[in-house]
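Open the model in your viewer and keep the sequence beside it. This tour tells you what to select at each stop and what is there.

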Amino acid sequence: MIGIIDYGMGNLFSVNNALNRLGAETIISGEPKVLASCEGLILPGVGAFPDAMAELRKQGLDVFLKEYTASGKPLLGICLGMQLLFESSDEHGFSTGLGFLKGHIAKFSGIDREGNRYKVPHMGWNKLHFQKEHPLFAGLKEDYVYFVHSYYAEVGNRSELLATAAYDVEVPGIVGYGNVLGMQFHPEKSGQMGKALLQNYIKLVEEKERLIQ
């Protein structure tokens, strides 16, 4: 069973439907007692970082997630959900995150190295470049996925950088440390590549593999 965390700020049903089409058994809940029984979790997210953290704290999910990940069970953050895994963010002023991964969330400058302006938020298909071997990449070749974001992670520990995309700056596309994983893009909207990545996450959960930190 994979739990999709409902804290009022995520694409719950699109992620849920994508997992169900791949044969995964899922449940959507914001109750720690329900989520604790799941073999893996997904933390989706759309919106602003500080608002999301406020909702997680309000529901006691910040404390729960620290206990859950300490058990060795996998957690996957998607889009804003990935950004929440980091230590802090500049969005709407400085705020702290869950702190599972080292680093800070910063906004795209909107001006490239040549001084040309570009559109923020970034929306489009960009190719992932794998930085190391990982169970999420089993049987896969580098391919394109769909990003929609105004902020990106400045990773504090490059060993936690699993895959990148290049536009203006090096953008962490997939990050992870032990059983805590994150995808900046939307795998549920990323065609065959996104489908394959979600399938590998399901397999990781089903096999009860523990990615020890």
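The expected span of a helix is 1.5 Å times one less than its number of residues. Keep that rule for the first stop. Note too that this is a predicted model.

**Stop 1: helix α6**

Select residues 191–206. This is helix α6, with 16 residues. From its first C-alpha to its last it reaches 22 Å, close to the 22 Å expected at 1.5 Å a residue. Now colour its buried residues. They are Met 193, Gly 194, Leu 197, Leu 198, Asn 200, Tyr 201, Ile 202, Leu 204 and Val 205.

**Stop 2: the sheet of 8 strands**

Show the strands next. In what order do the 8 strands of the open sheet run? The order is β2-β1-β3-β4-β14-β13-β12-β9, and the pairing is mixed. Go to the edges, where β2 (26–29) and β9 (129–130) stand. Each has a single partner strand, so one side of each is left without a neighbour in the sheet.

Select 75–78 and 180–183 together. These are strands β4 and β14, which pair in the parallel sense over 4 bridges. Find Leu 76: it stands opposite Leu 181 in β14.

**Stop 3**

Click Ile 27 in strand β2. Its relative accessible area is 29%, so it counts as partly exposed. Which residues does Ile 27 contact, leaving aside its neighbours within four places in sequence? They are Met 1, Ile 2, Gly 3, Ile 4, Val 34 and Cys 38. Draw a distance from Ile 27 to Asp 6. The two are 21 residues apart along the chain, and their C-alpha atoms are separated by 9.8 Å.

**Stop 3: β12 and its partners**

Select 161–167 for strand β12. This strand is mostly covered, with 6 of its 7 residues buried. Look at its pairing with β9. The two run in the antiparallel sense, over 2 bridges. His 129 has Thr 164 of β12 as its bridge partner.

β12 and β13 pair in the antiparallel sense over 6 bridges. Tyr 167 finds its bridge partner in β13, at Val 169.

**Stop 5**

Select 88–89 and 103–107. Here β5 and β7 pair in the parallel sense over 2 bridges. Ser 89 has Ile 105 of β7 as its bridge partner.

Step along to His 92, in the loop between β5 and β6. Is His 92 buried or exposed? It counts as exposed, at 66% relative accessibility. Its phi is near 55°, a positive value in a residue other than glycine. Most residues other than glycine have a negative phi.

**Stop 4: the largest pocket**

The largest pocket holds about 210 Å³ of space. It is lined by 15 residues, of which Val 46, Gly 47, Cys 79, Val 148 and His 149 lie nearest its centre. The elements that give two or more residues to this lining are α5 (80–83) and β10 (144–149).

Pick out Cys 79, in the loop between β4 and α5. Cys 79 is buried, with a relative accessible area of 8%. It has a positive phi of about 55° although it is not a glycine.

**Stop 5: Gln 184**

Finish at Gln 184, in the loop between β14 and α6. At 0% relative accessibility, Gln 184 counts as buried. Leaving aside its neighbours within four places in sequence, its contacts include Cys 79, Met 82, Gln 83, Phe 147 and His 149. Others among them are Tyr 151, Tyr 152, Pro 172 and Gly 173. For a last distance, pick Gly 72. Gln 184 and Gly 72 are 112 residues apart in sequence and 22 Å apart in space, C-alpha to C-alpha.

Definitions and conventions: Residues numbered from 1 in each chain as written. Predicted model: local features only at pLDDT ≥ 70, side-chain atom pairs only at ≥ 80, totals over all residues. Heavy atoms only, no water. Buried < 20%, exposed > 50% of the residue type's maximum accessible area, 1.4 Å probe, protein only. Pairing = 2+ DSSP bridges. 1 Å grid on protein atoms, 1.4 Å probe; cavity = no way out; pocket = protein on both sides within 12 Å on 5 of 7 lines; lining within 4 Å. Points joined across faces, edges and corners; volume = space filled by probe spheres on them. Contact = heavy atoms within 4.5 Å.
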